[in-house]
Amino acid sequence: MKSIYVDNAATTKVDEEVLTEMIPYFSENYGNPSSIYSLGKENKKAVELAREQVAKVLNANPEEIYFTSGGSESDNMALKGIAFANKHRGNHIITSKIEHPAILDTCKFLEKQGFEVSYIDVDENGILKLDDFKKEIKDTTILISIIFANNEIGTIEPIKEIGKIARENKIIFHTDAVQAIGNMNIDVQELNIDSLSLSAHKFHGPKGSGALYVRKGIKFEKFINGGHQEKNKRAGTENVAGIVGLGKAIEIAYKDIEKHNEHLLSLRNYYFEEVLAKIPYIKINGDLKNRLPGNANVSFRFIEGEGLLLNLDLKGIYASSGSACTSGSLDPSHVLLAIGLTHEIAHGSLRVTFGKYNSKDEVDFIIDSLVEIVDKLRNMSPLYEDFLEGEIK
Amino acid sequence: MNYSEKVIDHYTNPRNVGNIKNASAVGEVGNAICGDIMKMYLEIENNIIKDAKFKTFGCGAAIATSSIATEMIKGKTIEEALALTNKEVVNALDGLPAIKLHCSVLAEEAIHEAIADYYRKDGKMSEEEIIKKCNLKAENFIHCHE
């Protein structure tokens, strides 16, 4: 059976070119970058080249890039590191209600450590309520952390404006850009960003490799204690192959990002057109304009997401859902609830995220499969029966 | 999700999907907030469950437990159907992941609710007797099964 992978927001396939670049760092150039002999020095060079590749894309300085194990670590390192190092200035942090758990859970931890956190609402499209946000700023606010583009609904936040407000108030601004990097141009100077997280496996790089950008001059605590690696902020022998893969992947991602975005956008728009034309009683979740090009999040009324995913899986289609049944918790996605969806509509959500290896033929196959599966599940649903009998609207 | 072959078979090709027009009994449990609703239709003649059908809004495990539960009670007496436990449903499916066990509880409750509906229509038992015989749960608040 042919498989169709449309869960590119979860992870992506490693690009062949990236893999080729990485392999020698397992078998031939296996030295420790901290060693002074030539085998180590070669690796040190490779790590520094990757740092330059990342810095170039962000319009940052290479010395402002710290390599980590991925997006979650970068978010932890930024929030904990900045909060603890700036505690003398205040204890207040502002974030949003639609952050990734790597931010939300870290904020919950910081609350236990004596920090105060404000969680700002978003509107029905997932865009941060700027007025509410401004009202929360006070003398003790030391850090603002807002997701660049949401992982579930793809909504892109007004980052430049948030950064401007943060700067005017002398507050450090961190953004979790894990979903955005590789899908849009990000210039940390232009957007007033002080700190940013990214993860290689979201743009066809390897898993377990990420980076944190922190503007020069911003104080933050060392995150992993031990040796002096990563400018004494994160101890541990560098994941050289992973870092090389990250550097190569980000370089490829930005070589022709306009063309990449056009490709994703054409697939996404075609999917939206087709699904709206062929399946009734659906709702597109998230903002239509300020949205990542590959993200399509649609709720199918009267059915539940896990049933949908299992049936898609039987046809070789890999996607995801905001349903509680797929998360292991009792509640559906906090993001879908934050944009005001009822539990029923949130349970019936399907996230399809396109990537560079997807094609229009695949969209056709997904749509044909959805028509059949949604019909089958609705005919099984007591909610649909009630709806047809006019008992619910 | 790590489902057994039996579960996959039942959510892929669920048995007894549908409703029964003028059914002797209908029971509905769960709610949309929790993400599971099970509606069970029974045709009962001379104390025997002649036919059982279901409609379910929910995950793969909810669909599979509804499907196998209808199979397990067909041809049984009311008393036998009431004695069916969620553990027997789980065993018949060769197990369920721990976080999905609540689906089997819903299936058991749906059968009990349907039989209670049958007794209510019958009119011979008091509500108190029905609640006791069918072991009904209080329904005045929304609680999601864990």
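Tutor: Start with one side of α10(A): Glu258(A), Lys259(A), Glu262(A), Glu273(A), Leu276(A) and Ala277(A) are exposed there. The model is predicted, so local features need pLDDT of at least 70 and side-chain atom pairs 80 or more, while totals for chains, interfaces and linings use all residues. Residues are numbered from 1 along each chain as its sequence is written, with chains lettered from A and ligands numbered from 1 in written order.

Student: Which residues of α10(A) are buried?

Tutor: His260(A), Leu264(A), Leu267(A), Arg268(A), Tyr271(A) and Val275(A). Buried means 20 or more other C-beta atoms within 10 Å, exposed 12 or fewer, partly exposed in between, with C-beta atoms placed from the backbone.

Student: How do you know on which side of α10(A) they lie?

Tutor: They cover an arc of only 95 degrees around the axis, so they share the same side of α10(A). The arc is taken from the directions from helix axis to C-beta atoms. These buried residues pack against β9 (282-284), β10 (295-300), β12 (349-353) and α15 (360-379) of chain A.

Student: What span is expected for α10(A), and what does it reach?

Tutor: Helix α10 (residues 257-278) of chain A has 22 residues. The rule is 1.5 Å times one less than the number of residues. Helices (H or I, at least four residues) and strands (E, at least two) are DSSP runs, numbered from the N terminus.

Student: Why is Glu17(A) called partly exposed?

Tutor: Glu17(A) has 13 C-beta neighbours inside 10 Å, so it counts as partly exposed. Glu17(A) lies in α1 (residues 16-22) of chain A. Beyond four places in sequence, Glu17(A) contacts Lys248(A) and Ile252(A); contact means C-beta atoms, placed from the backbone, within 7 Å.

Student: Is Asp94(B) buried or exposed?

Tutor: Exposed, because Asp94(B) has 12 other C-beta atoms within 10 Å. Asp94(B) sits in the loop between α4 (86-92) and α5 (101-122) of chain B. Although not a glycine, Asp94(B) has a positive phi of about 60 degrees.

Student: What makes Asn135(B) count as exposed?

Tutor: Asn135(B) has 11 C-beta neighbours inside 10 Å, so it is exposed. Asn135(B) follows α6 (127-134) of chain B, with a positive phi of about 50 degrees although it is not a glycine.

Student: How do you know that β2(B) is largely enclosed?

Tutor: Eight of the 10 residues of β2 (residues 36-45) of chain B are buried, so the rest of the structure largely encloses it.

Student: What makes β2(B) and β3(B) a pair?

Tutor: Pairing needs at least two DSSP bridges. β2(B) and β3 (residues 48-57) of chain B have nine, in the antiparallel sense. Ile37(B) stands opposite Phe57(B) in β3(B). β1 (residues 25-31) of chain B pairs with β2(B) over seven bridges, also antiparallel.

Conventions: Contact = placed C-beta atoms within 7 Å.
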